[in-house]
Amino acid sequence: MNLFAKTAMRVAVVATLAATLAGCGINTIPTQDEATKTAWAEVQNQYQRRADLVPNLVATVKGYAAQEKGVLVEVTQARASATQVKVDASTITDPAAFQQYAAAQDKLSGVLGRLMMIQENYPDLKSNQNFMALQSQLEGTENRITIARRDYNETAQKYNTTLRTFPSIFWAKTLYSSQKPAQLFQATASAQSAPTVSFDSAPPASAPAPAPAPAQ
């Protein structure tokens, strides 16, 4: 057998082996792992978009409702907490870090809901063009966050299933034994209930009771 024939045979064997391995799912785990990380990056991107809106939103509300200092301080503190949590691609396989990040973001969601309800008590704020524009941006971002979290959960669940089912579990236990399942976002009790707001203004005084009619 000449050199050309030997080389051609080796190429054919390598190609056949590669096709066989690809067909049996050896690439499925790393492919889905990368897809999960990409979906996670989009979640982070949308949460950052929201965090960037908060300072201008707080400043606008403060200009019309400075007396709502408690809510404004809570929003500012919640934003600081949410942005200080350090996350990266490894966070999705670290239950403690993942829950810390999710909890911080959920807390910010809650206080932002209270902040947005303040507008009902301040007509001038409710009609302010800057506030309306920020409100629209925030609503759009909240929708993107919901979609990003849903897409991430779907991708992560598919990846987790691959790690546990046949035949891919064979590769998960051998070649990719260091791979860990991805954490999933869970709906919190506070996220499923409407936020409550307590305004500082006193309720209007009740009208005095009418005097009894003089005896006839």
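Reader: Which residues in H4 do Val71, Leu72, Glu74, Val75, Ala78, Arg79, Ser81 and Ala82 in H3 meet?

Author: The model is a predicted one. In it, the contact of H3 with H4 comprises 10 nonpolar, 2 polar and 4 charged residues. The H4 residues that the named H3 residues meet are Ala104, Gln105, Lys107, Leu108, Val111, Leu112, Arg114 and Leu115.

Reader: What is the handedness of the crossing of H2 and H6?

Author: Two packed helices are described by the angle between their axes and the distance between the axes. For helix H2 (residues 28–64) and helix H6 (residues 129–164), the angle is about 160° and the axes are 8 Å apart. That angle makes H2 roughly antiparallel to H6. The crossing of H2 and H6 is left-handed.

Reader: How many nonpolar, polar and charged residues does the contact of H2 with H6 have?

Author: The count concerns the packing of helix H2 (residues 28–64) against helix H6 (residues 129–164). By class, this contact of H2 with H6 has 18 nonpolar, 11 polar and 9 charged residues.

Reader: Does Thr162 count as buried or exposed?

Author: Thr162 is located in helix H6. Beyond its neighbours within four places in sequence, Thr162 is in contact with Thr28, Ile29, Gln32, Ser168 and Ile169. Buried means under 20% relative accessible area. Because the relative accessibility of Thr162 is 8%, Thr162 counts as buried.

Reader: Which backbone oxygen does the side chain of Thr162 reach?

Author: Thr162 belongs to helix H6. At 3.0 Å, the side chain of Thr162 reaches the backbone oxygen of Lys158.

Reader: What separates the C-alpha atoms of Tyr122 and Ala65?

Author: Tyr122 sits in the loop between helix H4 (95–117) and helix H5 (123–126). Tyr122 and Ala65 are 57 residues apart along the chain, yet the separation of their C-alpha atoms is 7.2 Å.

Reader: Which residue's side chain does a polar contact of 3.4 Å join to the side chain of Tyr122?

Author: Tyr122 has a relative accessibility of 12% and therefore counts as buried. Leaving aside neighbours within four places in sequence, its contacts are Tyr64, Ala65, Gln67 and Glu68. The side chain joined to that of Tyr122 by the 3.4 Å polar contact belongs to Gln67.

How values were computed:
Residues are numbered from 1 along each chain as its sequence is written. This is a predicted model: local features need pLDDT of at least 70, side-chain atom pairs count only at pLDDT 80 or more; totals for chains, interfaces and linings use all residues. Side-chain values use heavy atoms; hydrogens and water are left out. Axes are lines fitted to C-alpha atoms, for helices over the stretch in contact, and angles run from 0 to 180 degrees between N-to-C directions. Helices (H or I, at least four residues) and strands (E, at least two) are DSSP runs, numbered from the N terminus. Angles under 35 degrees count as roughly parallel, over 145 as roughly antiparallel, 65 to 115 as roughly perpendicular and the rest as oblique. A crossing is left-handed if the near helix is turned anticlockwise from the far one by less than a right angle, and right-handed if clockwise. Ala, Val, Leu, Ile, Met, Phe, Trp, Tyr, Cys and Pro count as nonpolar, Asp, Glu, Lys and Arg as charged, and the others, Gly among them, as polar. Buried means under 20% relative accessible area, exposed over 50%, partly exposed in between (1.4 Å probe, protein chains only). A polar contact is a pair of N or O atoms within 3.5 Å; within protein, one must be able to donate a hydrogen and the other to accept it, and residues adjacent in sequence count only if both atoms are side-chain atoms. Contact means heavy atoms within 4.5 Å.
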